[in-house]
Amino acid sequence: MKLHDALFNWLQMVIVVRHRPDDGAAKQTLDFFAQILHEDHMLTSVADQVNENTYTVTYEREGQINQAEFDIILCEQLWHDIESNPKYNE
């Protein structure tokens, strides 16, 4: 999985877990993507920040700090999809 895709998937799950802290499956999925970032891409830290129209993910690899930006609507779509599905809200 490419780094950009892994960061996006990780960020989507961060958002879901923040809004659904009791969702065990979401936590496991977040851990899975965190493991990919750490093991496959050698990231030593990852953090996100929400802005007006974007999420910025800051990450460290080999001592260098980098950033990636993602559209807020795309990032929050998974959370909205989950919330709108009655199956996941019983």
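Contact means heavy atoms within 4.5 Å. I took helices (H or I, at least four residues) and strands (E, at least two) as DSSP runs, numbered from the N terminus.

**Ground rules.** I am reading a predicted model, where local features need pLDDT of at least 70, side-chain atom pairs count only at pLDDT 80 or more, and totals for chains, interfaces and linings use all residues. Residues are numbered from 1 along each chain as its sequence is written, and side-chain values use heavy atoms, with hydrogens and water left out.

**Helix 1.** I looked up its buried residues (under 20% relative accessible area, 1.4 Å probe, protein chains only). Among them are Leu3, Trp10, Met13 and Val17. I then checked their neighbours. The buried residues of helix 1 pack against helix 2 (24-39), helix 3 (72-83) and strands 1, 2 and 3.

**Helix 1 and helix 2.** I looked up how they cross. Their axes (lines fitted to C-alpha atoms over the stretch in contact, with angles from 0 to 180 degrees between N-to-C directions) come within 9 Å and cross at roughly 150°. Helix 1 and helix 2 are therefore roughly antiparallel (angles over 145 degrees). The contact includes Leu7 and Val14 of helix 1, and Leu30 and Phe33 of helix 2.

**Strands.** I counted strands as paired if DSSP finds at least two bridges between them. Strand 1 (residues 43-50) pairs with strand 2 (residues 54-61) in the antiparallel sense, over 7 bridges. Here alanine 47 has threonine 58 as its bridge partner. Strand 2 and strand 3 (residues 64-71) also run antiparallel, joined by 8 bridges. I found glutamate 60 opposite isoleucine 65 of strand 3. In the hairpin of strand 2 and strand 3, glutamate 62 takes a positive phi near 50°.

Technical notes. Buried means under 20% relative accessible area, exposed over 50%, partly exposed in between (1.4 Å probe, protein chains only). Angles under 35 degrees count as roughly parallel, over 145 as roughly antiparallel, 65 to 115 as roughly perpendicular and the rest as oblique.
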